[in-house]
Amino acid sequence: MKHWHIDQVAWDRFDPAKVDPAVVPLIKAAAMVERNGRDYAVYLNRVFADDPDFRAAADYWAVEEVQHGDALGRWAMLADPAWNYETAFARYRAGYQLPLDAVASVRGSRTGELIARCMVETGTSSYYSALGDSTEEPVLREICRLIAADEFRHYKLFYDHMRRYLSRERIGVLRRLRIAAGRIGEIEDDELAFAWHCGNVSAGQPYEHARCSARYMARAMSFYRFRHIERGMGMIFKAVGLRPRGWLSDLSARLAWRLMQWRQRRMAARLAA
Ligand SMILES: [Fe+2]
Ligand SMILES: [Fe+2]
């Protein structure tokens, strides 16, 4: 059972006058990445081949992620009737593939895999919270809140399984921290940048990674407020085994917030030039 269904969204409340044009390209790109969740479930099923409980949870998780993509895609087509979600996603699928033939986690351990999943859910929960808090458009606000609630639950799901594996694999805090930082750094890889390209650059144009990544990041970061970073930092700390609330988490959140603002300004200035 999904926690909500796409048909429960009050689509008839869509108000084109309240659409912020800056958010539309972000929603188009996010729809691609979310829809691709099913592939990730295939990979997780291989990595956790002898763990039927986790495999069932991963399949259920993927159904929710695909629904995120479908809801965002549907909203983007209301905001931009000339845009087609299915066509854009087909382009994304054709050019971006996850390593589905893996037999072990690319993170070196199952605990590591689950920490990486916690980082992704930290990122998505804070992102949809930030987008939902900033938009005036009632349907997008509703979708973002529903999706963010799912992403917080996904974090808890992966966190609980991670604790189970941690008691077996006994990976130290420093290694967990390195895995978490590594996954956060991957935010500028092709997964998001290519989604931006497929969602927003007309077919036939070459894919320019650096440009797409900068466009996505500069715009996405502009929607965050400190409270989103603060909460996300607590989740990162918890996932790696550090106290989620305390001076170190506070300081890290403040530094991350400064760094994000600085990078956002720098990227925006570079793109404008
Ligand atoms: Fe999602
Ligand atoms: Fe999620």
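This is a predicted model: local features need pLDDT of at least 70, side-chain atom pairs count only at pLDDT 80 or more; totals for chains, interfaces and linings use all residues.
Residues are numbered from 1 along each chain as its sequence is written, chains are lettered from A and ligands numbered from 1 in the order in which they are written, and side-chain values use heavy atoms, with hydrogens and water left out.

**Around S126**

- S126 sits in helix 5 (residues 110–134); helices are DSSP runs of H or I with at least four residues, numbered from the N terminus.
- With a relative accessible area of 11%, S126 is buried (buried means under 20%, exposed over 50%, partly exposed in between, using a 1.4 Å probe and protein chains only).
- Leaving aside neighbours within four places in sequence, S126 is in contact with Y224 and H228 (contact means heavy atoms within 4.5 Å).
- The side chains of S126 and Y224 are also joined by a polar contact of 3.4 Å.

**The iron site**

- The iron ion (ligand 1) is coordinated at 1.9 to 2.6 Å by E34 (OE), E34 (OE), E65 (OE), H68 (ND1) and E151 (OE).
- Donors are N, O and S atoms within 2.8 Å of the metal (3.2 Å for Na, K and Ca), and sites may look incomplete, as water is not among the atoms.
- Along the sequence, the donor residues of ligand 1 follow the spacing E-x30-E-x2-H-x82-E.
- H68 in helix 3 and E151 in helix 6 (residues 138–169) are 83 residues apart, so this pair links distant parts of the chain.
- H68 counts as buried at 0% relative accessibility, and E151 is buried with a relative accessible area of 0%.
- E65 bridges the iron ion (ligand 1) and the iron ion (ligand 2), which lie 3.7 Å apart.

**Helix 4**

- Y85, A88, F89 and Y92 are buried in helix 4 (residues 85–95).
- Seen down the axis of helix 4, these buried residues fall within an arc of 95 degrees, so they line one face of the helix; the arc is that of the directions from the helix axis to the C-beta atoms.
- T87 and A94 are exposed on the other side of helix 4.
- Helix 1 (24–35), helix 3 (52–79) and helix 8 (190–200) are among what covers the buried residues of helix 4.
- At the start of helix 4, a side-chain oxygen of N84 reaches to within 3.0 Å of the backbone nitrogen of E86.

Notes. Helices (H or I, at least four residues) and strands (E, at least two) are DSSP runs, numbered from the N terminus. A polar contact is a pair of N or O atoms within 3.5 Å; within protein, one must be able to donate a hydrogen and the other to accept it, and residues adjacent in sequence count only if both atoms are side-chain atoms.
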